[in-house]
Amino acid sequence: MKIVHFSDPHAGGKAEDFMAYFDKRWVGVFNYRFRRRFKHDLSGLSAAVDYILSVKPDVAVCTGDLTSSGQPGEFETVRKILEPLRNSSIPLLYMPGNHDCYVRRPKCVAAVNNMVEYLTCGRYRFADLPRVEHLGDVDFILVNCSRPSNLLCSWGFLIREDAEFIQRYCRENAHDRPRVLLSHYPMFEDHPILRVRHRLFGEKPVRELLEKGDIDLCLCGHVHKPYFRETLPGGRGENCAGSVTRNRSFTEIDYDPVSRVFTRKEIKI
């Protein structure tokens, strides 16, 4: 089974209404205008879509941060780029990132909800998470950790009910198929103090499942530099795809059901 994993394109733009200057969106707009737009090139996302359509994987995975501040116009920009992939026969699983869930403004909430349903062709809605998707040889466990946080932080929260859902699924179902967790946030953090403004809270129970092998692989984004952290032999661990528009790269993962081994490679475009 072949999985292509990309993340964090961060489409951006101007403030789309006056109220953006009275909530967290002004932070995202400011960041995009003076920093992010010089580092993130959306042609990288277009090239990734072309590559995915050419290799025809069994599933494509996007682990979030399609936008910079969760505004409807930003979602529309990236929607046009992803439309050929969405309209193909390749299943697309999308997990929103913290920048997609930036504020609680109704039109921004509606935009990310609509994007989940659109990209997945109605396979699931944001409100359906957490859930398990059975595709090919793999069980994909989808969990949302992205919720609006305060002005200066990009915290993630794995709430207790969602962690218990994952624990219960692993406990009550035979592990005869690999389990791949999809989350915008990494479950491992090497520098929890230095990165306290960017970290995930409540992750410990699920991190332990990864360490024990009850979950085989975690696919995540959030951190813009790609990496792989091995937890067990056979290619098991945590894969961060990095930012497809900053690095012009993403990850291709192959799972062999005979050897039960995952192999991965970074694709540069």
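**Cavities, pocket and local geometry**

The lining of the largest cavity divides into six nonpolar, two polar and four charged residues, where Ala, Val, Leu, Ile, Met, Phe, Trp, Tyr, Cys and Pro count as nonpolar, Asp, Glu, Lys and Arg as charged, and the others, Gly among them, as polar. The model is predicted, so that local features need pLDDT of at least 70 and side-chain atom pairs count only at pLDDT 80 or more, while totals for chains, interfaces and linings use all residues. Residues are numbered from 1 along each chain as its sequence is written, and side-chain values use heavy atoms, with hydrogens and water left out.

- A search of the whole structure finds two cavities of 30 Å³ or more (on a 1 Å grid over the protein atoms alone, sets of points where a 1.4 Å probe fits but cannot get out; lining residues have an atom within 4 Å of a point).
- The largest cavity holds about 70 Å³ of space (the space filled by probe spheres set on the points, which are joined across faces, edges and corners).
- Its lining is made up of Tyr185, Pro186, Met187, Phe188, Glu189, Arg195, His198, Arg199, Leu200, Glu203, His222 and Val223.
- The second largest cavity holds about 40 Å³, and the residues lining this second cavity are Lys24, Asn98, Cys101, Tyr102, Arg147, Pro148, Ser149, Cys153, Ser154 and Trp155.

**The largest pocket**

- About 590 Å³ of space lies in the largest pocket (an open set of points with protein on both sides within 12 Å along at least five of seven lines).
- The largest pocket is lined by 25 residues, of which Asn31, Arg35, Arg36, His99 and His198 are the closest to its centre.
- The pocket lining comprises eight nonpolar, eight polar and nine charged residues.

**Helix contact**

- From H5, the residues Ala163, Ile166, Gln167 and Cys170 meet Pro205, Val206 and Leu209 of H6 (heavy atoms within 4.5 Å).
- This contact of H5 with H6 has six nonpolar residues and one polar residue, with no charged ones.

**Backbone features in loops**

- Leu129 and Pro130 are joined by a cis peptide bond, with omega at about 0°.
- Pro130 sits in the loop between helix H4 (106–119) and strand E4 (131–135) (DSSP runs numbered from the N terminus, of H or I over at least four residues for helices and of E over at least two for strands).
- Lys56, although not a glycine, has a positive phi of about 50°, and Lys56 lies in the loop between helix H2 (43–55) and strand E2 (59–62).
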